[in-house]
Amino acid sequence: MKQRVITAIIALLIFIPLAVIGGTAFDFLVIILGLIGLSEILVMRKKLLVSPEAILSGLAAVVLLVPQNWLAFLPSVATRFTIFYFFVLILLLYTVMTRNRFSFDDVGVLVLGALFVSLGFHYLMAARQAGIDTLFFLLFIVWTTDSGAYMIGRKFGKHKLSPHISPNKTWEGSIGGTVAALIVGLVFNYFWPQAGNWIVSCGIIILLSIIGQAGDLVESALKRFYGVKDSGKILPGHGGILDRFDSLLFVLPFAHFIGLI
């Protein structure tokens with residue numbers, strides 16, 4: 001527990017100031033986080049981080065990760081998604097060069113991993129560009145859901161939410177986490193309005209809380225499939241980057257879809 005608390009404090013001392021500053025410094029931090037997240041998928045897949053496929057998938061992820069203005073030098077026809085697909089084609093060609101030692105299945109995992117991680121973290125940058133209040137509104141919903149679910153589930157949890165994927169999660173904890181997020185989100189929205197009137201705000205906060213928990217379950221399913229406890233070891237006591245950002249990687253794109261960022 002002590003190690004977990006120390007890691008959290010150090011991580012927040014790095015993340016919070018850069019989030020407040022914003023700009024290029026925060027963008028670089030997010031890009032690094034995204035690439036580490038992708039590397040965790042590669043390691044779970046038992047791929048070397050210095051292999052050609054790792055480098056290609058990393059470049060593909062960077063194309064989707066970086067802010068749009070960083071690609072302003074490219075011709076108008078060369079959108080980030082056309083360049084991303086270019087790397088997909090190279091990965092597919094690499095299966096021929098390796099005589100299927102690197103297979104079509106491997107391409108699928110790396111392409112999906114790069115798409116999932118890079119777009120999720122890209123919208124983290126977009127949230128900061130929308131405003132520091134918007135970023136922390138989304139962060140507080142996710143953090144409060146996670147903490148509330150843990151504390152309430154630990155004390156009152158009896159009915160398993162998804163025992164085959166995450167045996168420690170309960171319906172009581174899930175509901176408690178959403179209620180906690182609703183309270184904190186409404187208080188935040190009162191002082192720094194984000195989501196319209198209170199009825200609309202309630203719906204958005206509840207939905208984002210549920211979506212965040214879905215992201216947590218998806219990452220749990222991924223780890224269970226690969227037989228690992230944590231996605232990585234970069235955060236002692238917490239696991240990997242994906243372990244800490246799994247909910248946000250679901251919440252942030254959805255927040256973009258509904259116009260919050």
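Tutor: H2 crosses H9 in a left-handed sense. The model is a predicted one. Where the two helices pack, the angle between H2 and H9 is about 115 degrees and their axes lie 10 Å apart. That angle makes H2 roughly perpendicular to H9. On the H2 side, the residues that meet H9 are Leu33, Ile36, Gly37, Glu40, Ile41 and Met44, and their partners in H9 are Ile241, Leu242 and Phe245. Sorted by class, this contact of H2 with H9 holds seven nonpolar residues, one polar and one charged.

H9 also packs against H5, at an angle of about 70 degrees and with the axes 8 Å apart. H5 is therefore roughly perpendicular to H9. The crossing of H5 past H9 is left-handed. H5 contributes Phe116, Val117, Gly120, Phe121, Tyr123, Leu124 and Ala127 to the contact, and H9 contributes Ile241, Leu242, Phe245, Leu249, Phe250, Leu252, Pro253 and His256. By class, the contact of H5 with H9 comprises 13 nonpolar and two polar residues, with no charged ones.

Now the core. The largest nonpolar core counts 48 residues, and Phe26, Phe121, Leu124, Leu138, Phe245, Leu252 and Leu260 have the most contacts inside it. Among the elements giving two or more residues to this core are helix H2 (23-44), helix H5 (104-130) and helix H9 (241-257). Leu260 touches, among others, Ala130, Leu138, Ile204, Leu208 and Ala255, leaving aside residues up to four places away in sequence. A second, separate core has 20 residues, including Leu42, Ala60, Ala61 and Phe87.

Note on methods
Residues are numbered from 1 along each chain as its sequence is written. This is a predicted model: local features need pLDDT of at least 70, side-chain atom pairs count only at pLDDT 80 or more; totals for chains, interfaces and linings use all residues. Side-chain values use heavy atoms; hydrogens and water are left out. A nonpolar core is a set of buried Ala, Val, Leu, Ile, Met, Phe, Trp, Tyr and Cys residues joined through side-chain atoms within 4.5 Å. Buried means under 20% relative accessible area, exposed over 50%, partly exposed in between (1.4 Å probe, protein chains only). Helices (H or I, at least four residues) and strands (E, at least two) are DSSP runs, numbered from the N terminus. Contact means heavy atoms within 4.5 Å. Axes are lines fitted to C-alpha atoms, for helices over the stretch in contact, and angles run from 0 to 180 degrees between N-to-C directions. Angles under 35 degrees count as roughly parallel, over 145 as roughly antiparallel, 65 to 115 as roughly perpendicular and the rest as oblique. A crossing is left-handed if the near helix is turned anticlockwise from the far one by less than a right angle, and right-handed if clockwise. Ala, Val, Leu, Ile, Met, Phe, Trp, Tyr, Cys and Pro count as nonpolar, Asp, Glu, Lys and Arg as charged, and the others, Gly among them, as polar.
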